[in-house]
Amino acid sequence: SSGFPFEVVSSHEAARTPVATAMIERMRDDSIAHADATRHAFVACLRDCTDIDAFYNDDSTRADAALDAAILSIIEIEKAVEAKRAVDAQAVSLVVPLLSAAANAVEDTIKNDGAATEEKNEHTETTSTFVLDRLAGNVPEAWPEFVFGALISSCGEADIQRLNPYASDERVRFTLQLVAITMLRANRVGALSRCAGDAVELRVALENLRKLTTAQRRENRAISAPHIAQLTSTIASRLGAPRAYAASSTIGPMLDPRFLVFEFIWNLSLRQKQVDIVRNLAHDAENGISRVKQMIMGGGKTTVIAPMLALLLADGKSLVVSIVPKALLEMTRAQMRSSFSTIVTKRVYTLHYDRSTVIKPALRQSLEAARDARAVVVATPTSIKSIMLAYIEALQKVRDEAKHPRRIVLHPNQPNASREEKLREIESAAGQASELAGVLSLFRSGAMLLDEVDLIL
């Protein structure tokens, strides 16, 4: 459009190259799309806090009245948020112990009517034996983290019944539904706590502004006005924020429990853009499509997107490898281990490889074990490139020897030891090529998460 800020440089000689033209065109499209989205977006706001200019009115009486109304409105929000937070917190504290009890309860599945006495006695004996074995520690109980994790398991009901074969299907389904409700309320406790903290900060800022004179407010406006505006926008957006991963249907609300569990683990609220990016990248990865997504700093690439993709893609059939620059290796590994240290437990391995590394079957076997265990492998670009170069080098050795197979026996007087050494070198190169081919095959059939792709590639 004519209002595009970079339109003035489009006629410059340096802006006529194909790369510059493509970049300017992309920025133009992005600005138009952003303006359209902003124009049609729903913007939440707080009552009595929409007109911040009124707080700095030259008429002190009107300004004081506006500030008093805003402070009272924020106090009402604080009370309502705290009341709802207390109800949810109490519900969570009461229900969590009941979840394990419900999963571990031994039910009497034999009905009194029509059941033979011998059958009843046999059932009582087996259930009593099971309960005594559990009390003795011979069989495990379902612990809270296990019950929470069963919510995102592809066979969660069977997992619970494996620990408690006397839990009926109906009870297990009810328990998992109760787990989902408990997580939703626990996540809301965290969201309301963050909202309450912002409300207190906003109220204090308004009260401090109320104490100033008109001249002092005008002098302090450049600092206080943006701060108040940001707090009001944050509180309003948090109070009205939906569950980005939930949707309504004809049978009721539907949600992806994997996003719910991730929110529960990290006590955060996933944003709609984060959920959309994770779903799009996961869909493309499952269909063998490479995709690049750009996010601003602080958008959650390392802390949200990468762990969520590892959770969705590490399914026991695909190897998930997170490739990051060397400077981010420690942070990424620590973040992955923190994400998968409770409820959803995954091992996080580090792949080290350089040109001097001697390839052994243990490397391929370790990666296969990581794939089967749904673990996450973290590596640097140097390690991956070294594996590819080592594979090419091994193939070249085998190819060269295949072109000149007689070089081993060209000299009849050559010692047998030298010929045997040459044969061992060829066999070693062929073996390394085979092992490296297996490693690269695991990479191709899996998913690679490239963070800071502009630096890696």
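Which helix gives the most to the lining of the second largest pocket? Helix 6 does, with 6 residues. Helices here are DSSP runs (H or I, at least four residues), numbered from the N terminus. Let me walk you through helix 6 and its partners.

Some ground rules. This is a predicted model, where local features need pLDDT of at least 70 and side-chain atom pairs count only at pLDDT 80 or more, while totals for chains, interfaces and linings use all residues. Residues are numbered from 1 along each chain as its sequence is written, and side-chain values use heavy atoms, with hydrogens and water left out.

Start with the pocket. On a 1 Å grid over the protein atoms alone, a pocket is an open set of points with protein on both sides within 12 Å along at least five of seven lines. Lining residues have an atom within 4 Å of a point. The volume of the second largest pocket is about 830 Å³. By volume we mean the space filled by probe spheres set on the points, with points joined across faces, edges and corners. The lining counts 27 residues. Nearest the centre lie Arg 238, Ala 241, Pro 242, Ser 269 and Leu 270. Two or more lining residues come from each of helix 6 (169–210), helix 7 (214–239), helix 9 (272–286) and helix 10 (301–313). By class, the lining splits into 10 nonpolar, 10 polar and 7 charged. Nonpolar is Ala, Val, Leu, Ile, Met, Phe, Trp, Tyr, Cys and Pro; charged is Asp, Glu, Lys and Arg; the others, Gly among them, are polar.

Now the packing. Two packed helices are described by the angle between their axes and the distance between the axes. Axes are lines fitted to C-alpha atoms over the stretch in contact, with angles from 0 to 180 degrees between N-to-C directions. Contact means heavy atoms within 4.5 Å.

First partner: helix 7. Its axis and that of helix 6 come within 10 Å and cross at roughly 155°. The two are therefore roughly antiparallel, a label for angles over 145 degrees. The crossing is left-handed: the near helix is turned anticlockwise from the far one by less than a right angle. Among the contact residues are Arg 194, Asp 198 and Leu 202 of helix 6, and His 227, Leu 231 and Arg 238 of helix 7. The classes are 10 nonpolar, 4 polar and 6 charged. Note Arg 238, which is also one of the residues nearest the pocket centre.

Next, helix 8, residues 257–266. Helix 6 and helix 8 pack at about 45°, axes 9 Å apart. So these two are oblique to each other. That crossing is left-handed too. Ala 180, Met 183, Leu 184, Ala 186 and Asn 187 in helix 6 meet Leu 260, Val 261, Glu 263 and Phe 264 in helix 8. That contact has 7 nonpolar, 1 polar and 1 charged.

What else does helix 8 line? It gives 5 residues to the largest cavity, the largest share of that lining. A cavity is a set of points where a 1.4 Å probe fits but cannot get out. The structure holds 1 cavity of 30 Å³ or more. The volume of the largest is about 40 Å³. Val 261 lines it, as do residues including Trp 266, Leu 311 and Phe 340.

Last, helix 5, residues 156–163. Its axis comes within 10 Å of helix 6's, crossing at roughly 115°. This crossing is right-handed.

Note on methods:
Angles under 35 degrees count as roughly parallel, over 145 as roughly antiparallel, 65 to 115 as roughly perpendicular and the rest as oblique.
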